[in-house]
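Welcome! Take a look at the structure below, and then let us walk through it together.

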Amino acid sequence: MPFTRIAIRAGKPAPYRKALAQGIQRALVATFNVPEDDIFMSITEHDEDSFFYDKHYLGIDRTDDLVLIQLTVTNSRNEAQKKALYAQIVENLANDPGVRREDVFINLVEVLKENWSFGNGI
């Protein structure tokens, strides 16, 4: 069960935000074998005064269309699966809603299975 947080600059329309969520979910299904209905995501929008990033860190040119993605997952995937996930997310978001590949920043946080409760305090 991944939990995904997406941060973007304020002002994008609802269809853009929905395309972000759908593109990330499709990548999780394809590369991490996540069930299609296993979707738990939040998107936060930030104005210029609360969205900070380096426009050229590591030689990658970023714009204000930067999408920050943090995925919390169980620690059960190998390096090849992780690399496939990153590549598939970038591909999906480039296709729809048209995010530049340079503007996709991904952070994967791995936790043990016992660190999850899916509901009912279980």
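R9 counts as buried, at 18% relative accessibility (buried means under 20% relative accessible area, exposed over 50%, and partly exposed in between, using a 1.4 Å probe and protein chains only). This is a predicted model, in which local features need pLDDT of at least 70, side-chain atom pairs count only at pLDDT 80 or more, and totals for chains, interfaces and linings use all residues. Residues are numbered from 1 along each chain as its sequence is written, and side-chain values use heavy atoms, with hydrogens and water left out.

**R9 and its partners**

- R9 forms a salt bridge with D64, with the closest N and O atoms 3.2 Å apart (a salt bridge is a side-chain nitrogen of Lys or Arg within 4 Å of a carboxyl oxygen of Asp or Glu).
- This pair links distant parts of the chain, 55 residues apart: R9 sits in strand β1 (residues 3–9), and D64 in the loop between β2 (41–46) and β3 (67–74).
- D64 is partly exposed, with a relative accessible area of 35%.
- D64 also meets K55 in a salt bridge (3.7 Å, N to O), and K55 is partly exposed at 39% relative accessibility.
- Together, R9, K55 and D64 are linked in a network of salt bridges.

**A helix-to-strand pair**

- The side chains of E45 and R17 form a salt bridge too, at 3.8 Å from N to O.
- E45 lies in strand β2 and R17 in helix α1 (residues 14–32), so the pair ties together parts that are 28 residues apart in sequence.
- E45 counts as partly exposed at 36% relative accessibility, and R17 counts as partly exposed at 25%.

**Charges overall**

- Side chains of opposite charge can pair when their charged atoms come close.
- How many salt bridges does a search of the whole structure find? The search finds nine.

**The overall fold**

- The protein has two helices and four strands (helices are DSSP runs of H or I with at least four residues, strands are runs of E with at least two, and both are numbered from the N terminus).
- From the N terminus on, the order of the elements is β-α-β-β-α-β.
- The C-alpha trace spans about 40 × 30 × 25 Å along its principal axes.
- Of the 122 residues, 34% count as buried.
- Residues 24 or more positions apart account for 77% of the contacts with a separation of 6 or more (contact means heavy atoms within 4.5 Å).
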